[in-house]
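Here are my notes on the model, as numbered points. Please read them with the coordinates open.

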Amino acid sequence: MTDNLENINPKLYKKIEDRQVTAAEEDEDIVDAFDAREVFDLIRNINDPEHPLTLEELNVVEQNLIEVNDAENIVNVKFTPTIPHCSMATLIGLSIRVQLLRALPPRFKVSVEITPGTHISETALNKQLADKERVAAALENSHLVEVINHCVCGSKY
């Protein structure tokens with residue numbers, strides 16, 4: 001099984017502490033804006049397609065690489081593959097996009113990109129991830145959707 005892994009021994013990072021929920025945040029009568037931490041919490045536990053580790057543990061997603069403009073309904077997420085030639089980068093990007101499209105209100109325009117300078121094919125992969133028709137076509141592939149669901153749900157396949 002390890003013969004097929006691109007990054008056999010990835011570097012692990014410490015998970016950040018869970019966000020402390022305030023009484024105001026629990027109050028359903030108070031409208032609170034979406035922020036980068038809330039978006040990070042939605043994607044931090046997505047599983048890596050190759051390892052039984054989360055994207056947070058691999059430092060693929062970081063809170064400081066997420067931009068949220070609640071007033072303009074924009075969410076921009078940058079992610080960092082563990083190696084510069086990672087063939088799973090598109091699958092990781094799709095998993096992040098699917099999780100956000102499922103979890104965020106439909107008013108948000110979501111963009112998912114590779115952190116600049118971290119992948120040898122970042123321009124081509126960013127173009128694929130930004131192309132709504134290509135993303136929609138990819139999500140019509142039942143096998144691909146099954147793999148994405150396993151990554152998003154945190155279960156092993």
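1. Strands β2 and β3 run parallel and are joined by six bridges. Pairing here requires at least two DSSP bridges between two strands. Helices and strands are DSSP runs numbered from the N terminus: H or I of at least four residues for helices, E of at least two for strands.

2. The model is predicted: local features need pLDDT of at least 70, side-chain atom pairs count only at pLDDT 80 or more, and totals for chains, interfaces and linings use all residues. Residues are numbered from 1 along each chain as its sequence is written, and side-chain values use heavy atoms, with hydrogens and water left out.

3. Together with helix α3 (residues 89-103), β2 and β3 make a right-handed β-α-β unit.

4. What else links β2 and β3? A salt bridge does: the side chains of E113 and K78 meet at 3.4 Å, N to O. E113 sits in β3 (residues 109-114) and K78 in β2 (residues 74-79), 35 residues apart. The criterion is a side-chain nitrogen of Lys or Arg within 4 Å of a carboxyl oxygen of Asp or Glu. E113 is partly exposed at 32% relative accessibility. K78 is partly exposed too, at 24%. The classes are buried (under 20% relative accessible area), exposed (over 50%) and partly exposed in between, with a 1.4 Å probe and protein chains only.

5. The salt-bridge count comes to five. R37, D41, R44 and E56 are linked in a network of them. Within it, D41 pairs with R37, the closest N and O atoms being 2.9 Å apart. These two are four residues apart in helix α2 (residues 36-43), so about one helical turn separates them. D41 is partly exposed, at 28% relative accessible area. R37 is buried, at 12%.

6. R44 and E56 also form a salt bridge, at 3.0 Å from N to O. Both lie in the loop between α2 and β1 (66-69), so the pair ties together parts that are twelve residues apart in sequence. Is R44 buried or exposed? R44 is buried, with a relative accessible area of 5%. E56 is buried as well, at 3%.

7. Helix α4 (residues 122-130) has four residues to check: E122, L125, N126 and L129 are its buried ones. Seen down the helix axis, they fall within an arc of 100°, so they line one face of α4. That arc is taken over the directions from the helix axis to the C-beta atoms. The face turned away from the buried side carries the exposed residues T123 and K127. The buried residues of α4 pack against β2, α3, β3 and α5 (132-138); contact means heavy atoms within 4.5 Å.

8. How many aromatic pairs does a search of the whole structure find? The search finds one. F34 is in the loop between α1 (23-26) and α2, F108 in the loop between α3 and β3, and 74 residues separate them. Rings of Phe, Tyr and Trp (its six-membered ring) pair if their centres lie within 6.5 Å; planes under 30 degrees apart are stacked, over 60 edge-to-face, the rest tilted. F108 counts as buried, at 7% relative accessibility.

Conventions
Right-handed = clockwise from strand over helix to strand, strands pointing away.
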